[in-house]
Each structure stands twice: as structure tokens, then as C-alpha cells.
Amino acid sequence: MSEPGDESAVEVPAVPESAGPAGWPLEPDEARMRAMLDAVLDRIVAHVGSLAEQPAAATEGAEDLARSLRQELPETGRSLDELLELLFEVAVPCSFNTAGPGYLAYIPGGGLFESAVGSFIADAVNRYVGVFAAAPALAQLEANVVRWFAQIIGYPDSARGFLASGGSLATFSGLVTARRERLPENFLDGVIYVSDQAHHSIARAAMLAGFPDDNVRTLPSDDQFRLQPQTLVEAVQADRDAGRMPFLVAASAGTTNSGAIDPLEPIAQIAAEHGLWMHVDAAYGGFFMLTDRGRRAMVGLERADSVVLDPHKALFLPYGSGCLLVRDGDALRRAHAVHAEYMPPMQQAADLVDFCQISPELSRGFRGLKAWLPLSLHGFGPFRESLREKLELTDWITERLRRIDGVAIVVEPQLTVVAWRLELAGQDPAELDAMNRALMALINDRKNVYLTGTVLAGKFVIRICILSFRTHLDRMQLALQDIEAAIATMREEHAQDRDASTTAC
């Protein structure tokens, strides 16, 4: 028994019998780690190897399945085999097959296997790269990726940027940077200009950045669904005459609806003349700058003040890969940098970067490895060739669709989105929209491809978006067969309805 006040004699609790690597389940030994990886790898290889045979989408009964998977807080664990069975046999199959060759919806994301390997390495080594001092070499590898992206779009060496979880967060940070560069502290008179085809992430970023909804001016697009420069000039002048503060125009380099590319060079000139920050949403189209056709279509992109890219789109990385690039790298620092006594000294060298000083995140993992590893393994050459193939496949399917009687190409493809619809005589606009929705469902029901629709100029249209590195001519031929078969069914039903109507008369 120790005497009162004798701190040297404080009793120490006994060491638990389970303490130490041998008895602690959160610290598996080498044999257990290898066994886990072998079991997971078997499942993943089988899954990826069968992507082409899996349905393009299979979400029947999804709501009931989701509800059946609700569970209470578990106190004890389950076996890895049981959990892998749940994931690969139950949960994963009930989804859009976004990694497969038949996923032609929205803007596909391919999911490079090498990127998954990179993510595993990054998570396993668990290094922190938000501050340069914590992992200098790894921070530099991620900075290399950002610099490569800047070079692709034609930015100077002074540009800076960061990798984000996706285009929405990158857009938000870009808009905040523009706000701090172009507007005073009381920024509520600042006005943002977008076309009616702009991605909704821009309006959401404006809302999150504190702008009233009415401060986002939505301008009508032209017959090719592009922002009209003269309309922009007139809107800017009207707002300035009304005492408001025009400060940002957001152009698109590949819209979600139709893949339209705004006239970037004229918009850049207007922005320069009127003191606007030019932001470009190139989440879908930006990496087509690797191709000759893409560079011709996006002249002026290099003049933008900020650009958003999504490597999980046209660079085929897994979902959760976005990037913001800013021409004036110091603007990013001015918008994001803060000081705290507990932080280590930040980099002052112009060629080194603390990502926490130029982005919204402090806690972040080694996000860049899932881009750096595949790009370093392959170089950019295979990515360039794959993007060229997607452009050629788009030309191929567009011309085949054009040959089908009654099919209208609503807007000529500018990248790899084809917007089309079936138009049969004797139907009013509402009937045509309903017919095309039904037609799309017939195509998707075959499960070889998955298409989505949208509304352009008040009309429902069917979209084909070709972007997966796994999509080749054989899948597009299969898509054409399904489209032709579905149209034949639709024509037969239309003829029967017409005959029934005539008989009734």
C-alpha cells in the first residue's frame, strides 16, 4: 500500500491478456493480411473480368433490398467471407454497371484497375499530404499530377491547383477564389453568368458561397446549346447599368446534356474587356485537349482564370477524382490560406506546395496516387488514343442513327454525346416525348447498354455518351441492334394504335 501523496507508488492496472498484436483483432499479423488480400483479390478479379457480361443496369427491387440491409450497431463482427458474399453477390450487382462497356449514360466513369491499386497503396501506407512537411516526396508526386493537368490545358508554370473529391467541390473552391479576387467583402451585389445548359454545380456553389439565388443569371443558349457571347455582353451591361457588380462568367467545355462547348475564345475576350473572372467547367471535356480535335474545339480554354476537370470522366479514373486549376496560383493561396500556431511552417518556395494552403481541406489522404500510378505506368499516349477512339465511335453511331427512318439528331455531337429522338408523323409534342421515354426504356430493358435522357429545347431526347475505356465498336454495334429492335417494336405499336383509331372512326 502506498502512502498518501506518494506519486511514485501509484498502482498501475494490469495489462489485458488480449493486448499486443497476437491478440488484438485490429492489428492482423502478416498471414492474416495476406489471407484477406487473397480473398478480396479473388472477388475483384472475377468481378472486373465479367464486367462485359454483367447487365448494364440492374436495380429492380433496389428499394426493398436497401431496406433489408438496414442493421443495428454491431458489437461483434462477422467473417470476411460472409461480408464479401454480401458485397459481391447482393449489394454490388444491384446498381448501374458504371464500370462496364455498356454504360452510356450521364457522363460515364471507367474505373481503371491501376487506380484502385494506387488507392489501396495510399490507404495502406496512410500518409498525410495536406502539409508538405509531413510527406514531402508524396506531396511532390501529387503536385506533378496537377502540373501535368495544367500543361494539358495550356496553363503557364505559375498555375496551381489541387485534386478534390469531384467537380462539385472543385467548382465551389473556384467560385470562392473568384469572389475573393474580384469582389469586396460585401459581395452580395456580385453577379454570375451561366448558360441554360450549365451544370447545376455552379448554381449550388454560388448558393454555398453566400450569393442570393437571383445573382446567378441564366442566359439562353443558341441552337447548338452554346452560350451566346452577345447575350453575355448585353446582360453584363444591363447589370452594370443597374448598379450591380458583374464578376464571373462560367463557360462549359462539354455540357452534360449534349456535350456542347461554349465559344471559349470570344468569351475569354469579353471577360478581359469587362473585368470578369472566366471559369470553365471542363469536367467532362477538358481531357480531350489531349487530342487534335479537342484542342481545335476548345481554343481559348487556356485563357480561363480557373478550370475544373474530372479525371474520373475522360481520364477513366474511379469516381471521386476532381481537380481545380487556377491560372494565377497565388490567387488560390490568397483565397484559402490561414495560420494556426499548431501547424508546422508552410512552404515559401515557389516550386513547392502545402495543399492545405490552396484548398478547403486540411485532413486529406494521398489522393494523387490513384492518378499518378496509372499515368506513370502508361504515359498519356494510351489515354490519348482511347479518347480518339471514343470520338470515332461517336461519329460511327451518329451516322448509323441518321440512317434510321424517323430518327432525328437533335444536336450534332461536339464531343462524345449524341442527343437524338424518334419522330413519327401524326403525334403531338407530348405524345412524342412519351414515346421516346418508352423507347429508351425498351432499349435499356435489354440490359446490353444503359442510356439516359434529358430535355433540350423543350423536347425529351435520348442521350448516348461514349466515354468508358472499355467501350469499343462491338458494344456500339450491339447498342445499334438494340436501338433498331426497340424502334421496330415502337413502330409496330404505333401502327396498331393508328389502325385501332381508324377502325373506331
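In the predicted model, glutamate 399 and arginine 402 sit three residues apart in helix α14, so about one helical turn separates them. The two side chains form a salt bridge, with the closest N and O atoms 3.0 Å apart. Glutamate 399 is partly exposed, at 35% relative accessibility. Arginine 402 is also partly exposed, at 37%.

Helix α14 spans residues 381-402 and holds another such pair, glutamate 385 and arginine 388. Glutamate 385 has a relative accessibility of 44% and counts as partly exposed. Arginine 388 is partly exposed as well, with a relative accessible area of 29%.

Glutamate 63 is exposed, with a relative accessible area of 59%. Arginine 67, at 48%, counts as partly exposed. Across the whole structure, the search finds 24 salt bridges. Salt bridges also link Arg43, Glu85 and Glu89 in a network.

Arginine 179 is buried but has no salt bridge. The nearest side chain of opposite charge belongs to glutamate 185, 9.2 Å away. Beyond its neighbours within four places in sequence, arginine 179 is in contact with Phe187, Ala209, Phe211 and Phe247.

Nonpolar side chains tend to be buried together in soluble globular proteins. The largest nonpolar core here has 57 residues. Phe149 and Val280 have the most contacts inside this core. Helix α5, residues 136-153, is the main contributor, giving six residues. Leaving aside residues up to four places away in sequence, phenylalanine 149 touches Leu163, Phe287, Leu309, Pro311, Leu315, Cys323, Leu325 and Leu375.

Val280 is also one of the residues touched by serine 252. Serine 252 is in strand β4, residues 245-252. Its relative accessible area is 2%, under the 20% limit, so serine 252 is buried. Other contacts of serine 252 beyond four places in sequence include Ala198, Ala260, Ile261 and Asp262.

Leucine 73 lies in the loop between α2 and α3. Its relative accessible area is 81%, over the 50% limit, so leucine 73 is exposed. Leucine 73 and aspartate 157 are 84 residues apart in sequence. Their C-alpha atoms are 51 Å apart in space.

The largest pocket holds about 1200 Å³ of space. Its lining comprises 36 residues, of which Ile44, His47, Val48, Phe88 and Ala116 are closest to the centre. Helices α1 (30-49), α3 and α4 (113-125) each give two or more residues to the lining. The top contributor is α1, with nine residues.

One cavity of 30 Å³ or more is present. The largest cavity has a volume of about 40 Å³. Its lining is made up of Leu163, Pro311, Leu317, Ser321, Gly322, Arg367, Lys370 and Ala371. Among these lining residues, Leu163 and Pro311 are also touched by phenylalanine 149.

Conventions. Residues are numbered from 1 along each chain as its sequence is written. This is a predicted model: local features need pLDDT of at least 70, side-chain atom pairs count only at pLDDT 80 or more; totals for chains, interfaces and linings use all residues. Side-chain values use heavy atoms; hydrogens and water are left out. Buried means under 20% relative accessible area, exposed over 50%, partly exposed in between (1.4 Å probe, protein chains only). Lys and Arg count as positive and Asp and Glu as negative; His and the chain ends are not counted. A salt bridge is a side-chain nitrogen of Lys or Arg within 4 Å of a carboxyl oxygen of Asp or Glu. Contact means heavy atoms within 4.5 Å. A nonpolar core is a set of buried Ala, Val, Leu, Ile, Met, Phe, Trp, Tyr and Cys residues joined through side-chain atoms within 4.5 Å. Helices (H or I, at least four residues) and strands (E, at least two) are DSSP runs, numbered from the N terminus. On a 1 Å grid over the protein atoms alone, a cavity is a set of points where a 1.4 Å probe fits but cannot get out, and a pocket is an open set with protein on both sides within 12 Å along at least five of seven lines; lining residues have an atom within 4 Å of a point. Grid points are joined across faces, edges and corners, and a volume is the space filled by probe spheres set on the points.
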